[in-house]
Amino acid sequence: EESLRRFMRLAYRRPVTKEEVASGMGQLAEARVQGRTEDDALAAAFKTVLISPHFLLRVEESGEPGKDESVSLPDLASRMSYFLWASSPDERLLTAAEDGRLSDKAGRENEIARMLLDARSLALGEVFAGEWLGTHNVGPRIRKDPIDNPWCTESLMKAMRDETAFFVHSLIRENAPVARMI
């Protein structure tokens with residue numbers, strides 16, 4: 001049960017309800033009744049989690065339509081991780097959300113600083129620079145011209161994308177002014 005609860009929490013990017021865990025445990029028990037091994041039964045329960053809309057989509061709690069409201073702390077953690085890492089929140093970020101540390105400015109700033117020091121934050125430079133500046137097109141869409149530019153190789157085009165991503169990432173990590181980029 002604990003393995004399933006932990007997996008669901010990470011997959012759904014939020015605390016899971018007792019009902020969700022009970023449903024997963026029911027599927028686990030059903031698989032065991034069918035004669036499956038413990039590992040196969042657990043894998044069947046995990047597969048169910050992986051096809052859930054709560055895993056496939058970022059489902060956020062919502063209140064009254066058209067009314068401004070604060071985002072929940074687990075949803076904030078999810079937004080932060082997808083923006084900075086292009087991935088789901090880690091255990092530490094989810095725990096910070098559940099403990100309420102993301103509710104104050106200092107707690108958010110501490111987590112953002114930690115996340116920016118993580119290697120996964122390079123995704124911010126890659127995705128943001130790729131979309132904003134169009135560097136993701138260098139190579140796939142903007143092709144080298146072997147007659148006019150024989151020096152332009154695949155590795156050079158990759159280096160151009162990477163250098164731009166590293167530069168944008170460094171600007172964000174250092175909280176540098178936009179004028180530095182310009």
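Colleague: Where should I start when a residue is called buried or exposed?

Modeller: Buried means under 20% relative accessible area, exposed means over 50%, and partly exposed lies in between. This model is predicted. Glu20 has 17% relative accessibility, so Glu20 counts as buried.

Colleague: What does Glu20 form a salt bridge with?

Modeller: Glu20 pairs with Arg14, and their closest N and O atoms are 2.6 Å apart. Arg14 is also counted as buried, because its relative accessible area is 16%.

Colleague: How many salt bridges does a search of the whole structure find?

Modeller: The search finds 15 salt bridges. One of them joins the side chains of Glu1 and Arg5, at 2.9 Å from N to O. Glu1 is at 52% relative accessibility and so counts as exposed. Arg5 is partly exposed, because its relative accessible area is 28%.

Colleague: Now the nonpolar residues. Which of them make up the largest nonpolar core?

Modeller: The general idea is that in soluble globular proteins, nonpolar side chains tend to be buried together. Here the largest nonpolar core has twelve residues, including Leu76, Met80, Trp85, Leu93, Leu102 and Leu124. Helices α5 (73-84), α6 and α7 (105-117) each supply at least two residues of this core. With four residues, α5 gives the most.

Colleague: What does Met80 touch?

Modeller: Leaving out residues up to four places away in sequence, Met80 touches Trp85, Leu93, Leu102, Arg108, Glu111, Ile112 and Met115. There is also a second, separate core of eight residues, among them Met8, Val16, Val21 and Ala45.

Colleague: Met8 brings me to helix α1. Which of its residues are buried, and what covers them?

Modeller: Helix α1 spans residues 2-12, and its buried residues are Leu4, Met8, Arg9, Ala11 and Tyr12. Their cover includes α2 (18-33), α3 (38-50), α4 (53-56) and α6 (91-98).

Colleague: Which residues form a nonpolar patch on the surface?

Modeller: Leu50, Phe55, Leu56, Leu57 and Val59 form such a patch, and together they have about 430 Å² of accessible area. Take Leu56, which is found in helix α4. Leu56 is exposed, because its relative accessible area is 55%.

Colleague: How many residues apart in sequence are Asp162 and Gly130?

Modeller: They are 32 residues apart in sequence, while their C-alpha atoms are 9.7 Å apart in space. Asp162 belongs to helix α9 (residues 154-173). Its relative accessible area is 25%, so Asp162 is partly exposed.

Conventions
Residues are numbered from 1 along each chain as its sequence is written. This is a predicted model: local features need pLDDT of at least 70, side-chain atom pairs count only at pLDDT 80 or more; totals for chains, interfaces and linings use all residues. Side-chain values use heavy atoms; hydrogens and water are left out. Buried means under 20% relative accessible area, exposed over 50%, partly exposed in between (1.4 Å probe, protein chains only). Contact means heavy atoms within 4.5 Å. A nonpolar core is a set of buried Ala, Val, Leu, Ile, Met, Phe, Trp, Tyr and Cys residues joined through side-chain atoms within 4.5 Å. Patches are made of residues with over 30% relative accessible area and no salt bridge: like charges are joined within 9 Å, nonpolar side chains (Val, Leu, Ile, Met, Phe, Trp, Tyr) within 5 Å. Accessible areas come from the Shrake-Rupley method with a 1.4 Å probe; for residues, only the protein chains shown count as cover. A salt bridge is a side-chain nitrogen of Lys or Arg within 4 Å of a carboxyl oxygen of Asp or Glu.
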